[in-house]
Structure formats: C-alpha cells, structure tokens
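Reader: I would like to learn how to read helix packing and chain contacts from a set of coordinates. Could we work through one case together, step by step?

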Amino acid sequence: MSEKVIVDARGAFCPGPLMELIATLKNVAVGDEVDVWSTDKGSVTDIPEWCKKVKHECVGVVEQQGYWSVLVRKAK
Amino acid sequence: MADNALYILLCSGEREKIQMAAMMAAVAAVSERPVQVFVSMNAILAFDRSVPAATRYYGGTFAKLLHDQKAPDPMVLFQQGKDLGDLKMWACSMALDIQGWEMSHLDETLFDGPLGLTKFLSDAESGQFVTL
C-alpha cells in the first residue's frame with residue numbers, strides 16, 4: 001500500500017523545496033507520493049520539470065491558500 | 001565525464017555569485033548532471049573553515065537581502081549537491097599556493113582536493129562551462 005508524505009517547505013527559498021523533495025524521495029518506496037508545500041513560485045515549474053527530467057511522476061500542482069501543493073509519485 | 005556535465009569556474013567572493021554557483025551546482029547535480037566546481041581567487045576566501053558564516057561573504061544589495069531573509073547558505077547548497085548528486089569541488093592549487101594554505105584550511109567535507117587549472121579546463125572540454 002502506497003503512502004503519502006507531506007514536505008512542508010513553506011518559507012524556503014529556491015531551490016530549498018526541490019532539495020527537500022529529493023531528500024525525502026530517497027527515503028520512501030516506489031509508488032509512494034510526496035506532497036511538497038511551497039511558497040516559492042518557482043516550485044510550480046521547477047518540480048514538474050525536474051520530475052520529467054529524472055523520470056518521476058508529477059501528479060499535479062494545486063494552488064492552496066497562500067502556497068502551492070505539488071504532488072510527486074516516486075517512479076523508480 | 002558525460003557530455004552534459006556542468007563545469008563552474010567560481011572566482012568571485014561576492015555572496016550573489018557564490019549563491020548562484022551553489023544553486024546551479026546543487027540543482028544540476030540532483031538533476032542527474034555531473035557537476036564540477038573549481039574555486040579560485042577571492043571565492044576561495046569564503047571557504048576558509050575558520051571564518052564564521054556571518055562574516056564569510058561580502059556583496060551588494062542582494063547579498064544583504066539573502067542574509068536578512070535567511071536564504072540557504074551556499075555552503076549548505078553545495079553540501080546538498082554532493083550528498084544527493086554527482087558534485088565534485090576542487091580548490092585551485094595556485095590560489096592555495098598564493099594564500100599559503102593547505103587543504104586543511106578549507107571545509108574538507110566539501111572539497112575533493114586541490115586541482116590545477118589545466119586539468120580542469122581539459123576535463124571541461126566535454127561539457128558546459130560557466131564562469132562566476
């Protein structure tokens with residue numbers, strides 16, 4: 001059964017949210033999801049682009065109240 | 001070295017340029033690009049292990065903003081790049097000689113060793129080269 005981990009990177013500057021995502025992905029299983037909460041506008045484009053490049057799956061980007069939620073599924 | 005490798009020649013001691021070098025190095029390294037950083041001239045002074053983080057950098061408007069808003073310290077970003085990706089850092093052997101420094105003056109968890117410019121340039125022929 002896959003799990004979801006929340007990474008609350010609100011307040012972190014670029015590339016902090018991405019680096020926190022990557023560190024977290026190392027510690028979860030394939031199929032697990034990581035939900036990155038970020039106030040860094042760059043994360044909205046940077047995290048999906050990084051996923052595309054290194055072959056993880058960006059499930060979606062949702063604007064919440066004052067931050068973005070970027071959901072990533074570990075694919076390998 | 002892969003042909004998508006990134007080579008960064010870091011010469012400036014300004015916070016803004018060291019910050020950008022660290023951001024580029026860390027992001028490229030975690031994006032499956034091999035990265036090598038060659039640190040020389042005033043930049044190497046920022047890596048003196050005896051200097052506290054608060055007084056390590058100088059710079060302009062953005063240096064102050066980065067400090068005041070607690071942007072990640074470049075040394076932390078370089079370390080993350082090494083921990084999470086293929087990032088190597090080299091200390092310019094000429095800069096060490098001019099300063100009269102040994103590698104022990106630098107943070108040895110960050111640096112992979114001393115290196116000459118000729119070797120760095122030779123390795124960099126196969127990749128993308130950025131100077132800061």
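Reader: Which handedness does the crossing of α1(B) and α3(B) have?

Author: Please keep in mind that this is a predicted model. Two packed helices are described by the angle between their axes and the distance between the axes. Here helix α1 of chain B, residues 15–30, and helix α3 of chain B, residues 74–84, pack at an angle of about 15°, with their axes 8 Å apart. Angles under 35 degrees count as roughly parallel, and α1(B) and α3(B) are therefore roughly parallel to each other. Their crossing is left-handed.

Reader: Which residues of α1(B) and α3(B) meet, and how many of them are nonpolar, polar or charged?

Author: From α1(B), the residues include Ile18(B), Ala22(B), Ala25(B) and Ala29(B), and among those they meet in α3(B) are Leu77(B), Phe78(B) and Gly81(B). By class, this contact of α1(B) with α3(B) has eleven nonpolar, three polar and no charged residues.

Reader: What does Ala25(B) touch beyond its sequence neighbours?

Author: Leaving aside residues up to four places away in sequence, Ala25(B) touches Ile8(B), Val35(B), Val37(B), Phe78(B), Gly81(B) and Leu87(B). Ala25(B) is also among the residues with the most contacts inside the largest nonpolar core, which has 51 residues, and to which α1(B) gives the most, with eleven residues.

Reader: How many residues does each chain bring to the contact between chain A and chain B?

Author: Chain A and chain B bring ten residues each. On the side of chain A that touches chain B, the largest share, five residues, comes from α1(A), and by class that side has eight nonpolar, one polar and one charged residues.

Terms used: Residues numbered from 1 in each chain as written. Chains lettered and ligands numbered in written order. Predicted model: local features only at pLDDT ≥ 70, side-chain atom pairs only at ≥ 80, totals over all residues. Contact = placed C-beta atoms within 7 Å. Helix = DSSP H or I, 4+ residues; strand = E, 2+ residues; numbered from the N terminus. Nonpolar A, V, L, I, M, F, W, Y, C, P; charged D, E, K, R; others polar. Axes fitted to C-alpha atoms, helices over the stretch in contact; angles between N-to-C directions. Parallel < 35°, antiparallel > 145°, perpendicular 65-115°, else oblique. Left-handed = near helix turned anticlockwise from the far one by under 90°. Core = buried A, V, L, I, M, F, W, Y, C linked by C-beta atoms within 7 Å. Buried ≥ 20, exposed ≤ 12 C-beta atoms within 10 Å, placed from the backbone.
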